[in-house]
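Colleague: Please take a close look at one part for me: the aromatic rings and the core around them. Keep it plain, as I am new to this.

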Amino acid sequence: PILDARMVTEAAFYEDRVANLEKELLSTRTRLNDALEALASSEAALSARDASLATMTSMFNKSGQELLRCKSALAEIQSCIWAADVPVITVDCSGLVTQCNQKAAEVFGCTALAALQKRFADFMHISDRSAFESAFANKLKSNTNHPEQGHFQIPFRVKSPSLEHSWQEMLLHASIFKSGDDSMKGLFCVGQDITELKKQRMEAELIAEDLTRLVWTVNAPIIGVDKQGLISEWNRKAEQLIGYSKEEALGKSLVHEFINGDYEDTVQLMLSQGLSGQETRHEVPLYTKNGQRLQILLSAMTRRDRHGDVVGVICVGQDITELRLESKMLQNYAKICGAAVWSMRGNAVTGTVTECMTKEIEHLISQQAQMDICDPRMVLWRACFVSILKTMCQNFWMRRQGKVPGERATTNFGYEFCFEAPNGQVKWYKVEGHLIEESSAKEEFEVTGSMQECTSMWIDMVMGDRWQKWWSRMCHMVFDATLLVDTQEYRVLNAWGEDKIFGCKLQNNHPVLKLIKADDSDALKEAFNEVTFRGFERGRTLHLLRPGDAKEMPAQCFLLSADQENPNECMMGIRMEATG
């Protein structure tokens, strides 16, 4: 029984023990489950942390690579700045150099290390320092409120290290630079060597001044006109020729102020063509300040600015007033005299003619053949005539060069040729040449000569002699004296038998009115007017005066037109009246 009780007791004890162990086991399992859940949660957090760590590691790696690239780029930039062919300098707010590249050191004439912590202004010419320091101080001050205004340019000079006593011209481009906290650190400066550029600019300015001086002093009128037709350029020759000063002419309309109304459209068209890019040439009349008319050959061309834009027209003139008068005189000379002159220059070695002047001959043939100078037949004739004349001159010169020693050298030659006019009339002309210059030094010769019509030369010589004798006899038979008189200028052109009346020979251009009584002057002028329009005058009594004698001599005077082509000339026959 005791054993049983003990066993019961032990059994109860063990049962309680087992129950407690089961409770502990349950509690342990609960804790274990909680721990497992916490472990799982920790593992998940750890996994997330590992993933984040991996991401951060990747980002750090990328940042490191980017940093390396930035460092490499910065090194390349620094290397480029260091090796740049322009000076690069950084200056702190106190004006001291903090960095400079190799070119800056070369320009400053020292090493880059020696340039550091020196005043940047000390490297400049003494006269440029105050301007730089003033601009630097103003930019630092104004940059506080206006950061966009922190850039400026300023020219300065530095001592040239290669040339003694010489200064290099530099242009400084400066900008304010700041630190990471947006505080100003100083200037970042880039220099530009403008020594050659300034020389070129000065040369260009000198060339421009020379061109302006050339335009002003050239011996031809130059007139510039803007797009509105107003004068913008007026050189000295234009002043001298037209009479208006440059100040008076500028701003005036060329067409309306200086051109005759009949030519305004022509000049306006010329200016319009010049503005459109065409080069034109017209002969127009210009009026001077005193009202004189000038014939000007104007060449108009487009005027452009340095960008190539059309800004107006430039007109270069040539005064051809005398040339036109000379041309008219040549025509009149050829018409009246029937003769013309020519000249040629040639090479004394080969005898080849190099220069021809045959204008007068062309005018003569044109007048007598009644053809325009530009007629194709005249052009063909001129080519043939000049060719023949050249050959004659060349042959003459070669004969002169090939003369036998001791033989007298001739200096003249001549030949005759004929020309058939469009109306079928044939005329003969005689050409004569004469050597006037022979220069061995210049290796050239010059021949000049004349050409005149000789168709009726011999007939004129014979008939002229007969006519002279007949006229002299007729004058003596009909009148006591005969005068050839200019009825416009009242002067004697020629006289026959005048010494019997006036007691002396009358000189050419002797005043007619001095040969008559003053009271008869109106009567004589009236007679001149009548003969001019009718060709003759019935005759009237005039009182003549001998030169130097006041005695009056009454005489019958008869007037007859002398030349139908020149109504201002008349023959005055004088028949003395018998006196008591």
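Modeller: Start with a term. Two rings of Phe, Tyr or Trp count as a pair if their centres lie within 6.5 Å. Keep in mind that this is a predicted model. The structure holds 5 aromatic pairs. Take Phe 120 and Phe 132. Their ring centres are 5.2 Å apart and their planes stand at 80 degrees. Planes over 60 degrees apart count as edge-to-face, so this pair is edge-to-face. Where do Phe 120 and Phe 132 lie? Phe 120 is in the loop between H3 and H4, while Phe 132 is in helix H4. The pair therefore ties together parts 12 residues apart in sequence.

Together, Phe 120, Phe 132 and Phe 136 make one aromatic cluster.

Phe 132 has a relative accessible area of 2%. Phe 136 has 6%, so Phe 136 is buried too, as the limit is under 20%.

Next, the core. The largest nonpolar core has 28 residues. Among those with the most contacts inside this core are Phe 120, Phe 132 and Leu 187. Helix H4 (126–142) is one of the elements that give two or more residues to the core. Leu 187 touches Phe 132 and Phe 136, among others, including Ile 89 and Phe 152.

How values were computed
Residues are numbered from 1 along each chain as its sequence is written. This is a predicted model: local features need pLDDT of at least 70, side-chain atom pairs count only at pLDDT 80 or more; totals for chains, interfaces and linings use all residues. Side-chain values use heavy atoms; hydrogens and water are left out. A nonpolar core is a set of buried Ala, Val, Leu, Ile, Met, Phe, Trp, Tyr and Cys residues joined through side-chain atoms within 4.5 Å. Buried means under 20% relative accessible area, exposed over 50%, partly exposed in between (1.4 Å probe, protein chains only). Helices (H or I, at least four residues) and strands (E, at least two) are DSSP runs, numbered from the N terminus. Contact means heavy atoms within 4.5 Å. Rings of Phe, Tyr and Trp (its six-membered ring) pair if their centres lie within 6.5 Å; planes under 30 degrees apart count as stacked, over 60 as edge-to-face and the rest as tilted. Lists of a residue's contacts leave out its neighbours within four places in sequence.
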